[in-house]
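Please consult the sequence and the model shown below while reading.

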Amino acid sequence: MNALRTLVCVLGLAAAGFVRADGGEFLDATTLLDSGDPAQKIDLVFLGDGFTRDQQDLFNAKVDLAVHEFLNAHPLFALRSAFNIHRVNVASPESGTDKFSSCGGESTGDSDQQRRTAMDSGYCAGGGGTVYRCMLTSNDALALDFAARAPDDNIVIVLVNDSGHGGCARGPLTFFTIEDDFEEMAVHEMGHAIFGLADEYQYDKEDTYTGAEPTQPNVTRETSRDALKWADLLLADTAVPTQAHGTACSVSNLPGRAFPEDIIGTFEGAQYRRCALYRPEYFCRMRESQRAFCSVCRRQIIRTLLPKLSVDQAIRFTELLIRDDEDPWPRGEGEIYMNYDLRSRDTTVSGRWPGGGESSFDDDESKTINVAAGIVPEPAAGASASIALRVREDDWPDGDDSLENDADEPLPASGPFTIDKPDYRLSGDVQPAQLRVLFDTMEIKDDHDGFFRGAGDIYVEYTVSNGDVTVSGRWPNGDDTVGINDDETEQMAILAAAIPRPVGDNVLTITTKVMDQDTFSDDEVGSETFTFGGDTAFGTTQVVHQRDRSDYRLTLSVVGATQIIP
Amino acid sequence: MNTVVTRHSALALVTAMLACCALLVSSGCSRKRETQGVDTTVEIKPKPADTTVVDPTVMRVTLRVTGNNVELISAQPKRGDAFEHDLAQVVNDALAGKLRILQYRAVDANGVVLGTGRFTVPKVAEAEFLDPNVEHRIVRSEQPLTTATVAVPVQYNAAIAALEISELDPTSNAPPEQWPAKQIGRVVLTPPTGVVR
């Protein structure tokens, strides 16, 4: 039997439905995100252990949760074309995982429990370890063998069907229980496995680091500003060290945050040490798994993924002409809005313009709109992206009116397009998404809200232009605002625009207007124009940019580059 | 623009505003805002994985490493790539005894070297899990490993007959590129017979 198994494994020809001696049964492999050739992408594979054939829906739901958390983490949502994501469904004979009443000679508080599962997972490193919460397997070849059923498997994540605290990583293979919020830890672990990031938390005991400079990009022992790995990201007036424990290293409760959340500096306490190791910001996902990645980690993520990115297609709406608003009474201005679906590969981006409310049009009136409608993956060879469009006139009380006619048309690979129908004409273009502008954080120092001191109702209007292509947008979407107290940082976490690189003498300009919404007249907190020459090393040396003004501080990232796979 | 508002005048203004709002609502009107930009959502449709291998780019070689014993578990041509951190990034972990840095030489049936590469083998597993009762919510500890199985993406060449496996010695004072290598095993890929020391 062993000889036969070896032969089958070596040839890599195990048939579908093959039941292993260990009892695991391969069911199927599903691609959840297909961004292209596995030879050019990072392939993530999710496996499940201790899920019976009848529990596959539970496994699928947990995978969806983890994938959603991963793909929506800032800045990964703007860089998803670097990844393929696969799910391999495997049925275990029994539900659950192995538990032990003792591990490494210590009582665990659990009762002994043996489960026959596909990958033989268990606490205490599968049974033979010394760390009880190390959820692992005694035979990691089982997991790798199932992972090989996916097209490629650079990173393998095994979800174990148990709700206790447990997780363990060894290289690119990681096991997790499906405890509450496990998906947060999954993203944290991928911070190690994919991006080489260090943990930024410290143990709760006095402990001073005396070793060499860590190789990871997000921790340092340096106290010299010029020698810092992230020196270029510091504001001129930020002290180094920024927040140090000093003689407080040995006290039981270290002092709390003394600087705004978005200040980049050196904060003592990192990589399991209380003292003499520093992290770049007070908070980070590598310190607390429910937080956002800090600026230095975002930069590392972007730099790692640049060579893997595809040239996605950025679709822009430039002009809308309304010939007949289909509003018979009263004649005059129609309150127009559009719903649309942009489709490419297996991705659908659904949107609405305007983001909030409607836009008033007289019959035969045309407006320049210049909005980034969305980004879709580059189509597979021989295929094209498409757009479905529904233009409506807001009406009350008898329901909204449809403008003639709804559209469903292919989009060009690049260049302008026009959707011309009896009642309207929408113009736009498709551009290569070479530069991606991400808004990271907004610190409000003074919201200019003189009435009711406290949270300002903040929104930001912006335009991004490369000299030839201009897009406009708003944060947050729709007509919402974000309540930000004075001296408080908010995660913006949006992809503001994706446009081609500037050519010739053109430059990239990003214009922002920070506003506080007021009942009668909104207040301007401040305006800013960022300018980047065409020779800027976008995405390599220059990624994160911070502008500090008297009333607010904006952090943004510009991703893009020649390294993008053509 | 900051405005100084006394408590009295604030109350009066609130009352006036509420009255205005009530009037607007009762008359079926509200302030309309047309906002810039769009509001979007993204949906990705799953599909069966395409596992057909056309023009393989790697031989996915699964090896079990225990001390100086290297055992072949499987070898499978794939369309994939090697995704590894730079040697410089793992030097400290190697020096700290957390992982081993191994290198392979892919040779054909005549012993001609077709390609080389490096890979890491963990010596510890890192346990990290959530515990809401502790500061930062993350608890971590290290679990020593005596054996580890790794999938090594070897650049594809149909003529590869065997991999000669060496371990780099991280205790040397030389830079990592010059660390001495000590051969620890040889695995034959064809015919598929598994372990060869």
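Which residue in strand 6 of chain B is the bridge partner of B:Leu102? The partner is B:Phe119.

## Basis of the description

This is a predicted model, in which local features need pLDDT of at least 70, side-chain atom pairs count only at pLDDT 80 or more, and totals for chains, interfaces and linings use all residues. Residues are numbered from 1 along each chain as its sequence is written, while chains are lettered from A and ligands numbered from 1 in the order in which they are written.

## The sheet of chain B

In chain B, four strands form an open antiparallel sheet in the order 6-5-10-11. Strands here are DSSP runs of E with at least two residues, and helices are runs of H or I with at least four, numbered from the N terminus; two strands pair if DSSP finds at least two bridges between them. Strand 6 and strand 11 (181–188) of chain B are the edge strands, each having a single partner strand, so one side of each is left without a neighbour in the sheet. From one strand to the next, the twist averages 25°; angles run from 0 to 180 degrees between N-to-C directions, with axes fitted to C-alpha atoms, for helices over the stretch in contact.

Helix 2 (residues 87–95) of chain B packs on this sheet and touches strand 5 and strand 6 of chain B. The direction of helix 2 makes about 130° with that of strand 5. Contact requires C-beta atoms, placed from the backbone, within 7 Å.

Strand 5 (residues 99–107) of chain B is mostly covered, with seven of its nine residues buried. A residue is buried if 20 or more other C-beta atoms, placed from the backbone, lie within 10 Å of its own, exposed if 12 or fewer, and partly exposed in between.

Strand 5 runs antiparallel to strand 6 (residues 113–122) of chain B, joined by nine bridges. Five residues lie between the strands of this hairpin, where B:Gly111 takes a positive phi near 85°. Six bridges pair strand 5 with strand 10 (residues 162–168) of chain B, also in the antiparallel sense. In strand 10, B:Ser166 is the bridge partner of B:Gln103, and B:Ile165 is that of B:Tyr104.

## Between the chains

Strand 15 (residues 347–353) of chain A pairs with strand 1 (residues 39–44) of chain B over six antiparallel bridges. Here A:Gly351 has B:Thr40 as its bridge partner.

Technical notes:
Contact = placed C-beta atoms within 7 Å.
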